[in-house]
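Visitor: I would like a close look at a single part of this structure. Could you take me through the cavity?

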Amino acid sequence: MRLGLLLAACLAGYVPVIQNAAAKDSLQTLPPPVDQELARDIFKGLVELNTTHSHGTAPAAEAIQKWLSRAGYTPSDLTLIAPPEHPKSGNLVVRLRAKARSHPLAPILFLGHLDVVEARAEDWSADPFKLTEKDGWFYGRGTIDMKDGDAAMVETLIRLKREHYVPARDVIVAFTADEEAGGDANGPAYLLKEHRDLIEAGMVVNLDGGGGTTKNGALQFFELGTSEKNYVTFTLETTSPGGHGSLPGSDNAIYRLAQALGRIEAFKFPVTLTSTTRATFDKLAGLETGTKAADLRAVSQSPADLSAAERLSEDPWTNAQLRTTCVATLISGGHAENALPQRAKATIQCRMLPGDTEGHVQALLSEVVGDSRMTLTLDAKPIISPESPPTPKILEQVATLAHSMWPSVPIMPTMATGFSDDRQTRNAGIPSYDISGIWIEEGENRAHGRDERVSVRAFDESVEFTYRLMKSMGNSR
């Protein structure tokens with residue numbers, strides 16, 4: 001059976017039934033009070049450590065090491081490590097060991113980055129490096145990206161140790177550096193290259209993605225992240241003779257660049273669906289009505305209905321799921337206000353679908369520009385991240401976990417339009433999935449922005465979900 005048909009058959013069993021508040025409250029979705037309090041204390045400790053690139057992640061990694069040491073983890077279970085040339089970029093690798101077996105199962109690796117993006121205190125309504133609870137929300141830099149997940153994993157490791165839990169396979173948790181800052185000391189990349197034995201695993205679970213979406217407080221769907229777009233950047237540049245600004249002519253670098261950018265803006269890359277995005281659209285069709293539902297269903301077919309795709313492309317998120325995209329993000333030109341420009345250039349940032357290549361994208365952009373007087377150069381070789389197939393086994397396991405807390409919520413494989421450390425582990429040949437217990441309201445997008453926040457209820461529930469997730473993955477065979 002082809003993967004697309006297999007997915008359709010597998011997904012057909014997940015009926016979208018939305019819970020009401022009373023049904024949700026009747027479930028045991030919160031951790032025991034002692035674990036809830038401990039998780040909040042750890043969360044506060046992590047948020048109040050400034051782990052922006054300029055400060056580094058070493059203090060956070062050291063704090064987690066101390067918490068876990070006090071919980072009973074031995075020095076052989078905890079590896080604190082940083083690249084010699086970047087000592088502030090600390091990583092902590094934790095191993096919860098399985099019972100010795102003659103034929104050991106491959107470990108499961110959990111990932112969580114400790115670094116956060118910069119935050120300007122004057123832009124925030126509260127101190128970004130203090131955990132502030134207000135009106136049912138936790139505010140602070142990293143509350144949603146992703147110290148909430150880090151705190152949940154630390155608390156889970158402590159809870160499992162307290163319960164004397166012994167997994168069927170080694171459970172490895174890597175708290176890592178430099179996911180946000182551009183990669184000069186990226187933790188998973190460094191560990192895979194220099195210390196792969198520490199994190200060698202059969203599968204990766206990354207809490208930096210996935211999770212649930214609500215709409216006006218009602219549960220909509222629960223995402224399993226299976227893939228992400230790969231970014232690649234080009235510089236588009238042109239020159240002209242220049243001269244005195246009082247004598248303009250037809251050869252003007254700025255105008256030529258502007259015309260080329262207009263052609264790029266109007267161009268749409270071909271519609272291409274992956275196993276994940278086809279399943280996403282099929283699932284979304286069941287949550288919509290009318291024309292939109294019909295269009296989503298038509299796009300999920302093979303071949304996709306291009307008229308339906310064109311209508312759906314009016315929404316930026318849907319458009320990004322349907323095709324590779326490129327956009328101008330920086331522009332510069334000229335050298336003096338009273339002189340004709342001698343040079344103009346723009347940065348073109350592209351997000352490629354899994355399976356697309358920088359060579360294919362560059363060739364299409366050059367064809368669209370259609371001007372031999374312009375050059376299009378690749379800024380840097382992209383890190384290509386393949387799709388981790390949404391197999392029936394992983395879908396069933398995630399559905400079982402999610403439904404143990406939120407019964408009947410639809411489970412939907414998704415492709416991230418941004419990127420995460422999954423690109424490192426997927427590129428190393430390890431299937432990697434984004435699975436998080438956090439629920440976010442549709443349109444709530446404060447990660448990397450001002451007044452970043454997470455719902456108090458969502459955080460508490462994610463702590464319980466992470467505990468069940470780690471225990472389930474550790475027991476799976």
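Visitor: Which helices each supply at least two residues of the lining of the largest cavity?

Guide: Happy to show you. This is a predicted model, where local features need pLDDT of at least 70, side-chain atom pairs count only at pLDDT 80 or more, and totals for chains, interfaces and linings use all residues. Residues are numbered from 1 along each chain as its sequence is written, and side-chain values use heavy atoms, with hydrogens and water left out.

The helices you are asking about are H5 (147-162) and H16 (456-475); helices here are DSSP runs of H or I with at least four residues, numbered from the N terminus. H5 gives the most to the lining, with three residues.

As for the space itself, the largest cavity holds about 30 Å³, and a search of the whole structure finds one cavity of 30 Å³ or more. A cavity is a set of points, on a 1 Å grid over the protein atoms alone, where a 1.4 Å probe fits but cannot get out, and lining residues have an atom within 4 Å of a point. Grid points are joined across faces, edges and corners, and the volume is the space filled by probe spheres set on the points.

Methods: On a 1 Å grid over the protein atoms alone, a cavity is a set of points where a 1.4 Å probe fits but cannot get out, and a pocket is an open set with protein on both sides within 12 Å along at least five of seven lines; lining residues have an atom within 4 Å of a point.
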